[in-house]
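Please consider the structure shown below.

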Amino acid sequence: MLRLSLKNLAANKIRLALTGLAIVLGVGFVVSSFVLRDGLKESFAGLSEDIVGNVDISVASLLDSDPLTEADLEMILDTPGVRVAVGGVGGDGNEIQPIKDDGTTIATQGPPQVAFSWTDESQLNPNELVDGRAPGGPDEWIIDIGAADRHDFVVGRTYDFITPAGRASAELVGTFRFGADNTTNGATLMGFDLDSIRGYLQKGEVYDSISIGIDGSVPVSELESTLSSALGNPPDPDPDDDEFPDGTRAEVQNRADLQADVTGQFNQALDIFGGVLLAFALIALFVSIFIIANTFSIVTGQRIRELGLLRAVGATPSQIRRSVLIESAFIGIIASLVGIAAGVGIAFGMRELLGAVGVDLPSFGVVLKPATIITALVVGIFVTMLSAILPAIKASRVAPITAITGSADLESNSIGRYVIGTILTALGVGGMMLALFGNADGVTQILSILGAGAVALFVGLTLLSSLVAAPIARIIGLPLGPLFKRPGTLATDNAARNPRRTATTAAALMIGLSLVSLAMVLGDSLKSEFTKVLENSVQADYLVTSDLAITPLEVVDRLEADPSFGAVTPLFYWGADFDNQRADAAAGNDDLYETDIVALDYTKADELFNFAVTDGDLVDITDSTTAIRDTVAEDLGLGMGDVLNLKLEDGSIVPLEIVAIFEDTAISSSVMLSVGRFNDISDQVTADWVAAKRNLEVSAEDADAAFAAIGADYPNLSFDSSATFRENLASQIDGFLNVLTALLGLAIFIALIGIANTLALSVFERTREIGLLRAVGMTRRQTRRMIRWEAAIISAVGAVLGAVVGVILGIIMVQAIPDEFLSEFSIPWIRILVMVGIAAIAGLFAALFPAFRSSRMNVLDAISHN
Amino acid sequence: MDTATIAAAGTIQASKIYGSGDTEVRALDDVTVSFDQGQFTAIMGPSGSGKSTLMHCLAGLDRLTSGHVMVGETNISQLSEKDLTLLRRTKIGFVFQAFNLIPTLTAIENITLPLDLGRNSPDKELLDEVVNAVGLADRLSHKPNELSGGQQQRVAVARALASRPDVIFADEPTGNLDSQTGAEILDFMRRAVNEFGQTIVMVTHDPIAAAYADRVLFLADGRIVSELVDPTTDSILESLRNASHG
């Protein structure tokens, strides 16, 4: 039987290719997510080494309330074993943005712009001067050679900056190389002298970190602990974890720890990124299972006479079953191997695709780990054999008499199918709801239940969809009769004649498009939610926002100074811990109550916002009072006049009297603090955003012009009217949907291949019929049209089912999401209809090859085909 | 040959050669034949005699190696693929041994298929006439799988008649039927010739079927070896015997 399996494969190369293609792509997408992740990890690992350079020990400030100072630096320099030490200041990224010649700043969606204080101490500086000189005085800067080249910064010229402190300007005095060959992965590196960067970042006489070079007289580990206690750190009971005891001033790390730390941070981000890609790859793989199963099923049907003959000459049912499974295993192996190769290519294609929708990735090398290859083979072979199980069982049930009659009913539409379908669908919806809104612990558990639920749902829906596939196909095909006469109605009839085949083929597309339309419904609902919330709660005329919520307070000053504007306030958001007992807490639960906070100028609140205050007045918020949301009041069992205990960074507690209670308004957090109290717990020196009201004595046109004029000085910030801001927010959601759709495009692409596949097999099956049509006068063109429109109808059936399922899932989810997050419900009908239309057109294209083949058949051979 | 009548179809020095060199097979060897309008011709001959090849070439389903095929006024040897298809749709009718009907179409839709493909609305009177003659008025909305074998062949003949083609080619039209049902189909074809003046060319190996024709051509080794006019079953059997002895 093994020989038979192999001969079958060899004899049916097209069948092999068609079946294999879906697996190749499914496996390829999985492999590409690993290749992309591992390649990026490798390229970032090199980056981590370059970042750490030759620093032996690093001391990083942890307490904003007790930062590292000149005294600490001197103490370190005096410590035996320390050869050299340099204090540095730097941003997390994108705080300091230079303005290019064209008046714009460097986009923040891509690699970051990193500013740091330059040191001439070569051991502690991973950079090497290339051109010009180091920044030696105030308002001088230096840039890495790659960024200078990319963004056309010229040494000797003075550039403007947007910094947390506001606008600044500095002369570019030189360029440098980062590490050995300036591999910055696209980041822009900028060096300033210490005082300048302190000014820009609004830091006092403090250091973010101190880098140390040792003289070797004291062992590194001993030096580490000496420094740690000298800095006043309490003993760390568990030095290996990332937790520090309260009051730890600074983290002391040696070079290896530091590198591991930096690499770990990159890897964590890359693992999440790879995981997201893998999720979409698995969706694509899941879709390809339908395609493969369908292909095996159709092929089994076409081989029925041959199978009957095998049975007649003495093959047992289990031999038949095994031969189909062995055949599938070989297809799995071959296709997986091709898929691994394809995956490497897809990884690079994916980088381009993500770049096209706004997600820029650095370049990377091909890293194909053994684990990737093994995973790909296991997944590919497993998926292929899984797809072949049902067809194999069906094949084994072919009776010997079939060899003579040539017909057998393999497509029995039993009631059981629909019962199982209904149960799976219900289980699936239930599972997804449980995952999203149940009490599942941890992301992994939620994702596992969600995935299992989605699998059950879509398998169930596929089983059920054969009930409706034919009627839907007929309805969709209605316009084809008048349009294309007989070839049009034949296309419709053909799409409807085998509901199970059409349903399974369409199911693949249904899955992809239901996820797209689900996202569209959620996105559209979010849009209307945001719009409504903003309309209701923001009365300000003008908003200043930034991609990274870094709006210099200089903007507030300038707006306040301008007579065109009335009330102006910055808004600051942060998180804080409160030392209050939960109302329903079990005894012994002494966890802090952690929640989000906001601070603003409450004297302006009435004019600019509607905070839905139910009790008290926000104007009463001072450094010793607070306002809380009704849900917080409920959680903690607190009311007006009660005390909320704010925990500061150093562990001390500040009691705040509750002077107001408000309801949720999206822009309000859970707790409102005074700006003074906010500064106690946050080192944030910039506003998240700024709201302003027009001075009513100034005309709207004049105020608009004044607003735009200030905005022109801050090209990295968005200066919008409230209405424009709402539109921008909507387009951001659209942008996110585009990324999502692009990733789901993988699954949709496989689904279209499945349609091409089914059509190719159907055309083969209907050779005689097509021959007859050609004999009685159907032209080649009409034949092609008939096949293409059949594909378009199947495609549209999948798209319609997908849209319906997606919209229903959307309705269920929007209902299930608590109203405080999402109360609005909106269906983007036009976008969904456009999507269905595009799917149908894509179906037309998917069938180009089968249509071409059908029209090229030799009429005489076709008629006499068996 | 009767020069007073007009030819509906025919070949001039038709040759069809498969393969080359040692494996060369002359399926048709310089055949010149003409089929008169309103005449029912049967083509007989042993397997491999070229009778099917002759019919396929006449019907535009296959191309000659050399020579010409005329259908009506048209020399189809020079037609493009597309014109050939249009010719089959309008000037030629087909009845095959089996699998004559499109399973997704009803009986009446199968009958009007060639007309529908041409986007021509069928001549209502003519269609009624054909449908009446075929005697399936009550089964017209049935799908082929709901019709008996004989009924299916009658639908196939009706389809061939519906477009009033210059000539109908029938390839063993009764080959899959029992003798009584076969006789009904042959009767029906005979009536089409008598009542509508339809030209029919039928390939068969059944002397009883051939006896329904006005004329029988005998083929052997790609050549026409003899011809019978107004044949009977007996005279056909006689000719077949002579052919096999000669």
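The model is predicted: local features need pLDDT of at least 70, side-chain atom pairs count only at pLDDT 80 or more, and totals for chains, interfaces and linings use all residues. Residues are numbered from 1 along each chain as its sequence is written, while chains are lettered from A and ligands numbered from 1 in the order in which they are written.

Helices (H or I, at least four residues) and strands (E, at least two) are DSSP runs, numbered from the N terminus. Strand 7 (residues 167-171) of chain B is largely enclosed by the rest of the structure, because five of its five residues are buried; a residue is buried if 20 or more other C-beta atoms, placed from the backbone, lie within 10 Å of its own. In a regular strand, side chains alternate between the two faces of the sheet. Here B:Val167, B:Phe169 and B:Asp171 point one way, and B:Ile168 and B:Ala170 the other.

Strands pair if DSSP finds at least two bridges between them. Strand 7 of chain B pairs in the parallel sense with strand 6 (residues 92-95) of chain B over four bridges, and B:Ile168 is the bridge partner of B:Gly93. Four bridges also join strand 7 of chain B to strand 8 (residues 200-203) of chain B, again in parallel, with B:Phe169 opposite B:Val201.

Definitions and conventions
Buried ≥ 20, exposed ≤ 12 C-beta atoms within 10 Å, placed from the backbone.
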